[in-house]
Amino acid sequence: MMSLLRKLASLRLSLAGMALLAVLAVVASRNADIDAGITVVPLAILVVNLLAALLTNRSFRAQTGLLIFHVGLLLVFACIGLTVMLRFDGHVEVLQGAAFDASRVETVEQGRWHDNQLANLEFYQGDILINYLPGLNRQDTHSTIEYRAPGGEMRRMTIGDTRTATIDGYRVAATFNKGFAVLLQWTGADGREILGAVHMPSFPEFDWKQVTTWTTPAGQELELELDFDEPVSSDTDEWTFGATFMPYSLRVTAAGAAPRTLREGEWARLEGGAVRVVDLRTWMAYQVEYLPFLPWMFVAAMLSIIGLGMHFARRYLPARAAADREEEALAHVARA
């Protein structure tokens with residue numbers, strides 16, 4: 001058993017694991033089709049290698065600083081591996097006055113061991129206010145949400161550029177992406193009514209082209225263009241994104257038909273039913289992350305740094321103190 005542990009504690013295995021980790025990390029970062037989970041193999045090798053070294057190398061146990069450093073390093077590799085396997089990263093747009101919808105989350109990355117619990121997240125989008133300085137320079141973000149805490153009570157908080165919300169283990173952070181949405185009511189030929197929102201392109205990034213497509217419940221594809229009576233954003237003055245009381249109109253264009261301009265409350269007859277403009281809202285895009293071992297990774301890294309500091313302090317400070325004493329003795333002899 002000990003002979004096997006000594007082989008696993010080999011420095012050559014350490015170097016091989018680090019080299020393999022570097023190569024696979026570069027490959028995964030440069031190729032979107034390759035899952036970052038491939039880096040778990042060298043991470044597991046390094047964890048086993050360090051654990052074996054701690055069990056077989058007496059010098060680690062004899063030197064407290066060196067022991068703390070290697071334990072911290074082992075925990076860092078373990079936390080990185082667990083983060084890669086359990087991670088989740090996604091984006092979602094949430095309408096003002098509406099609830100978070102897990103089915104609308106666009107997944108960017110998801111670890112193989114991640115147990116998707118997004119359906120359990122419950123939060124509602126409130127007012128969105130984003131202040132801009134002249135030149136369309138974003139100053140600060142204030143996005144108010146109400147969410148259900150673990151105890152079941154509803155809480156309100158404002159998410160900003162530096163403040164995020166953690167709901168059921170998921171970190172919810174506001175992004176720079178936001179815009180307007182038009183609330184529409186569809187009434188089918190059978191009398192069925194559906195209320196929904198169509199999100200327009202990001203604002204003010206695309207303030208010059210608030211155009212999107214929408215397919216009605218009857219299957220007809222339309223082009224929708226949001227047009228404000230007066231300019232909303234300002235390149236020369238301070239202004240705030242979030243107001244929805246401005247006069248606006250919605251241009252509805254179907255293939256082969258003339259465009260129709262609708263004001264709030266007006267109807268348009270379409271194939272298989274009719275649509276009515278109900279209201280103007282805003283939407284906010286959020287990044288949704290699940291990285292449960294990230295704080296522990298930081299703690300482990302700090303532990304390694306402390307251990308390394310203790311090791312070098314114990315090794316070099318006494319030698320330096322002895323050298324200082326020798327210099328003082330020589331100086332004393334010279335003066336005598």
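**Figure 1. Thr-39 and its contact with Ala-36.** A polar atom in the side chain of Thr-39 sits 2.7 Å from the backbone oxygen of Ala-36. That is a polar contact, a pair of N or O atoms within 3.5 Å in which, within protein, one must be able to donate a hydrogen and the other to accept it; residues adjacent in sequence count only if both atoms are side-chain atoms. Thr-39 belongs to the loop between helix H2 (11-30) and helix H3 (40-56). Helices (H or I, at least four residues) and strands (E, at least two) are DSSP runs, numbered from the N terminus. Thr-39 counts as buried because its relative accessibility is 9%, where buried means under 20% relative accessible area, exposed over 50% and partly exposed in between, with a 1.4 Å probe and protein chains only.

A word on the model: it is predicted, so local features need pLDDT of at least 70 and side-chain atom pairs count only at pLDDT 80 or more, while totals for chains, interfaces and linings use all residues. Residues are numbered from 1 along each chain as its sequence is written, and side-chain values use heavy atoms, with hydrogens and water left out.

Figure 2. A pocket, on a 1 Å grid over the protein atoms alone, is an open set of points with protein on both sides within 12 Å along at least five of seven lines; a cavity is a set where a 1.4 Å probe fits but cannot get out, and lining residues have an atom within 4 Å of a point. H2 and strand E2 (106-110) each bring at least two lining residues, and E2 has the largest share, with three. By class there are five nonpolar, four polar and three charged residues.

**Figure 3. The largest pocket, among helices.** This pocket holds about 250 Å³ of space. Of its 16 lining residues, Leu-11, Ser-14, Asn-49, Leu-50 and His-70 lie nearest the centre. H2, H3 and helix H5 (64-86) each supply at least two residues of the lining, and H3 gives the most, with five. Which classes make up this lining? It divides into eleven nonpolar, five polar and no charged residues.

**Figure 4. Val-92 in strand E1.** Val-92 lies in strand E1 (residues 88-95) and, at 3% relative accessibility, counts as buried. Val-92 and Asn-31 are 61 residues apart in sequence and 24 Å apart in space, C-alpha to C-alpha.

**Figure 5. A four-stranded open sheet.** The strands run in the order E9-E10-E12-E13, with antiparallel pairing. Strand E9 (211-215) and strand E13 (260-262) are the edges, each with a single partner strand, so one side of each has no neighbour in the sheet. Neighbouring strands are turned by 30 degrees against each other on average, direction ignored. Strand E12 (residues 248-254) pairs with E13 over three bridges; pairing requires at least two bridges found by DSSP. Val-252 has Arg-260 in E13 as its bridge partner.

Figure 6. One cavity of 30 Å³ or more turns up in a search of the whole structure. Strand E10 (221-228), E12 and strand E15 (273-290) each supply at least two of the lining residues. The lining has nine nonpolar, no polar and no charged residues.

How values were computed. Axes are lines fitted to C-alpha atoms, for helices over the stretch in contact, and angles run from 0 to 180 degrees between N-to-C directions. Grid points are joined across faces, edges and corners, and a volume is the space filled by probe spheres set on the points. Ala, Val, Leu, Ile, Met, Phe, Trp, Tyr, Cys and Pro count as nonpolar, Asp, Glu, Lys and Arg as charged, and the others, Gly among them, as polar.
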